[in-house]
Amino acid sequence: MLSKLTMARHGDAAGDAAAPGAGQRCGLIAIVGRPNVGKSTLLNALVGQKVSITSRKAQTTRHRITGICSHGDAQFVFVDTPGFQTRHTVRGTAALNRNLNKTVQATLSDVAVVLFLVEAGRFGPDDAQVLALLPTDRPVLLVANKLDLIHRREDLFPWLQAMQERHPFTQFVPLSAKKEDDTRRLLDIVRPYLPEQAWWYDADALTDRSDRFLASEMVREKLFRLTGDELPYTSTVVIDQYTDEPPQPGNAKSTGMVRIAATIIVEREQHKGMVIGDKGERLKRIGTEARTELERLMGRKVFLEIWVKVRSGWADDDARLRTYGYE
């Protein structure tokens with residue numbers, strides 16, 4: 001349930017952090033890599049719950065998303081970062097790209113472990129530019145994703161040798177993010193690198209992001225998935241209203257309702273038409289799919305209204321980015 005996602009509670013500096021739990025481990029683990037390499041898919045698999053949206057459109061993740069997994073004596077606090085922007089080919093997105101890259105670099109400065117995610121057997125210029133950012137004073141694990149697409153594992157040996165020459169990786173972890181056994185194995189590998197200290201969050205916490213934020217991300221995911229490459233990079237979603245209505249008193253079957261008003265921000269009038277679609281059918285489908293998934297995650301009824309507005313130049317305006325929730 002999505003309501004469970006907001007239960008993350010960080011221990012205060014004078015409390016939990018000052019008195020490490022006996023035998024407990026806890027720490028930040030950054031998941032970094034080029035755009036569209038599978039970082040969000042891996043995070044969701046590790047947490048066991050959807051906390052970061054996914055789509056085939058590059059640069060779907062635009063915020064630092066924290067996913068929490070408490071397993072055995074360890075609490076893994078994973079941070080899914082935006083893919084580092086190495087190509088600024090889209091006009092009018094300079095401020096947005098700077099914001100995304102600052103998020104990646106800030107995350108790397110305070111983590112215990114780094115998972116450098118690449119596609120197994122592949123290493124291109126975009127991967128190389130991300131690799132150049134990685135710290136040399138803490139463990140960096142080379143995580144080769146999409147192993148299921150490699151037909152002969154021995155073909156990876158020359159590639160792995162070349163990768164080890166590029167960076168002194170602490171360990172090499174081949175896996176498929178879609179396989180539970182692989183993600184559990186990754187947890188076992190990461191565990192010894194976490195500092196011995198008390199857990200930062202409740203045992204059942206899954207993320208530190210609010211339901212309001214996750215609702216905006218869910219709408220944005222459906223927007224990206226249903227518009228494909230038609231809709232340019234310069235679009236985002238803002239939640240104008242989020243109201244949590246409690247169950248009706250005396251009605252045992254009542255689960256309450258969440259009322260959400262959202263606005264899809266686009267760059268031009270023609271983009272607005274792409275989102276709305278013929279007779280409003282595409283916008284209706286975006287709303288229906290987002291509402292259906294939110295209801296499944298929340299276990300409650302959701303009333304979702306979506307508007308589309310044109311705000312030219314928003315992705316190259318630092319002040320507007322902050323208004324839209326970009327850190």
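The model is predicted: local features need pLDDT of at least 70, side-chain atom pairs count only at pLDDT 80 or more, and totals for chains, interfaces and linings use all residues. Residues are numbered from 1 along each chain as its sequence is written, and side-chain values use heavy atoms, with hydrogens and water left out. The protein chain has 9 helices and 9 strands; these are DSSP runs numbered from the N terminus, helices being H or I of at least four residues and strands E of at least two. Of the 327 residues in the protein chain, 53% are buried, where buried means under 20% relative accessible area, exposed over 50% and partly exposed in between, with a 1.4 Å probe and protein chains only. Among contacts (heavy atoms within 4.5 Å) between residues at least 6 apart in sequence, 74% join residues at least 24 apart.

**Sheet**

- Six strands form an open sheet with mixed pairing, in the order S2-S3-S1-S4-S5-S6; two strands count as paired if DSSP finds at least two bridges between them.
- Strand S2 (65-71) and strand S6 (171-174) are the edge strands, each pairing on one side only.
- From one strand to the next, the twist averages 25 degrees.
- Strand S5 (residues 140-145) runs parallel to S6, and 4 bridges join them.
- Val 143 has Val 173 in S6 as its bridge partner.

**Helices on the sheet**

- Helix H1 (residues 39-47) packs on the sheet and touches strand S1 (25-32), S2, strand S3 (74-80) and strand S4 (113-119).
- The direction of H1 makes about 30 degrees with that of S2; axes are lines fitted to C-alpha atoms, for helices over the stretch in contact, and angles run from 0 to 180 degrees between N-to-C directions.
- Helix H4 (residues 156-166) also packs on the sheet, touching S4, S5 and S6, and its direction makes about 150 degrees with that of S5.

**Strand S1**

- S1 pairs with S3 in the parallel sense over 7 bridges, and Gly 27 stands opposite Phe 76 in S3.
- S1 also pairs with S4 in the parallel sense, over 4 bridges; the partner of Ile 29 in S4 is Val 113.

- H1 is largely enclosed by the rest of the structure, because 7 of its 9 residues are buried.
- The buried residues of H1 are Lys 39, Ser 40, Leu 42, Leu 43, Asn 44, Leu 46 and Val 47.
- These buried residues pack against S1, S2, S3, S4 and helix H5 (180-190).
- The axes of H1 and H5 come within 9 Å and cross at roughly 80 degrees.
- H1 and H5 are therefore roughly perpendicular to each other; angles under 35 degrees count as roughly parallel, over 145 as roughly antiparallel, 65 to 115 as roughly perpendicular and the rest as oblique.
- Leu 42, Ala 45 and Leu 46 of H1 make the contact with Thr 183, Leu 186 and Leu 187 of H5.
- By class, this contact has 5 nonpolar, 1 polar and no charged residues; Ala, Val, Leu, Ile, Met, Phe, Trp, Tyr, Cys and Pro count as nonpolar, Asp, Glu, Lys and Arg as charged, and the others, Gly among them, as polar.

**Helices H6 and H8**

- Helix H6 (residues 211-227) and helix H8 (residues 281-298) pack at an angle of about 135 degrees, and their axes are 9 Å apart.
- That angle makes H6 oblique to H8.
- The residues of the contact of H6 with H8 divide into 9 nonpolar, 1 polar and 6 charged.
- Those in H6 include Met 218, Glu 221 and Lys 222, and those in H8 include Arg 282, Arg 285 and Glu 289.

**Loop between S5 and H4**

- Asp 148 lies in the loop between S5 and H4 and, at 42% relative accessibility, counts as partly exposed.
- The C-alpha atoms of Asp 148 and Leu 175 are separated by 7.8 Å, although the two are 27 residues apart along the chain.
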